[in-house]
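Work through the exercises below with the sequence and the 3D structure at hand. Try each task before reading its solution.

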Amino acid sequence: MGYQTEQETFWSGEFGDSYIERNACTKELLASAVSFYAGILKKTSGIKSMIEFGANIGINLKAVRTLLAGVEQAAVEINHKAAGRLREDDFFESQLQVFEQSILDFQPAKAYDFVLIAGVLIHINPDRLHDVYEKLYNASGKYICIAEYYNPTPVEVPYRGHEGKLFKRDFAGEFMDKYPGCRLVDYGFAYHRDPNFPVDDTTWFLLEKGPYEKAH
């Protein structure tokens, strides 16, 4: 399959395969994910459907489903092995819709109450970020959650010996600049040295879509 960027080729291939094995869904990892998303979802209401962009093997989806048992779920995943794991995982009881394709190729056909992207924007080619922001916006009927490595200004960092594969910046700030109708509901930080629920250092932002008037 031909891709538009080198980052897509990278994650769809052997490196993406090895990522699956390094990030197996252990009980401890799932517990940390549940704690992480409980903190985010407490400021939401009425979530009946969600989609995750770059779901890998579904740890985040499982965490949200643990908290919101009846939520309708969908996933966009570029890596063939990861997409296969999602389809075969008994946890989802065959109720997860899997779109096996690049985020850059995905066209949302409906709006979801909760749109999630976590640890994925950092790996997108910077020249295509605004294309991804547009897809997140178009896929959302209410909430958008962006959970990534944060830096106030764009910076590239080496990633496991590779160049051009990890970028940090203020993704949520750029998103809100692009879509000023989205308001910031809440934000927070997860720390890898948390004594009970360690999570890879991540700054998260919960945004709500729609026109808002200033309070008088």
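The model is predicted: local features need pLDDT of at least 70, side-chain atom pairs count only at pLDDT 80 or more, and totals for chains, interfaces and linings use all residues. Residues are numbered from 1 along each chain as its sequence is written, and side-chain values use heavy atoms, with hydrogens and water left out.

**Exercise 1. Find the order of the strands in the open sheet, and its edge strands.**

Step 1. Strands (E, at least two residues) and helices (H or I, at least four) are DSSP runs, numbered from the N terminus. Two strands pair if DSSP finds at least two bridges between them. Strands of a sheet pair through backbone hydrogen bonds, either parallel or antiparallel.

Step 2. The seven strands are arranged as β3-β2-β1-β4-β5-β9-β8, and the pairing is mixed.

Step 3. β3 and β8 each pair on one side only, which makes them the edge strands.

Step 4. For a parallel pair, take β1 (residues 49-53) and β2 (residues 72-76), joined by five bridges; Ile51 stands opposite Ala74 in β2.

**Exercise 2. Describe the neighbours of strand β9 and state whether its residues are buried or exposed.**

Step 1. On one pairing, β5 (residues 140-148) runs antiparallel to β9 with six bridges, and Cys145 is opposite Leu206.

Step 2. β8 (residues 183-190) is also antiparallel to β9, over seven bridges; here Leu184 has Leu207 as its bridge partner.

Step 3. Buried means under 20% relative accessible area, exposed over 50%, and partly exposed in between (1.4 Å probe, protein chains only). Thr202, Trp204, Leu206 and Glu208 point one way, Thr203, Phe205 and Leu207 the other, and all are buried.

Step 4. Seven of the seven residues of β9 (residues 202-208) are buried, so the strand is largely enclosed by the rest of the structure.

**Exercise 3. Which residues have the most contacts inside the largest nonpolar core, and which element gives the largest share of this core?**

Step 1. A nonpolar core is a set of buried Ala, Val, Leu, Ile, Met, Phe, Trp, Tyr and Cys residues joined through side-chain atoms within 4.5 Å.

Step 2. The largest core has 34 residues, and Phe36, Tyr37, Leu61, Leu86, Phe114 and Leu206 have the most contacts inside it.

Step 3. Elements giving two or more residues include α3 (27-41), α4 (59-67) and β9. The largest share, seven residues, comes from α3.

Step 4. Apart from this core lies another, of 31 residues, including Leu129, Tyr133, Leu136 and Ile144.
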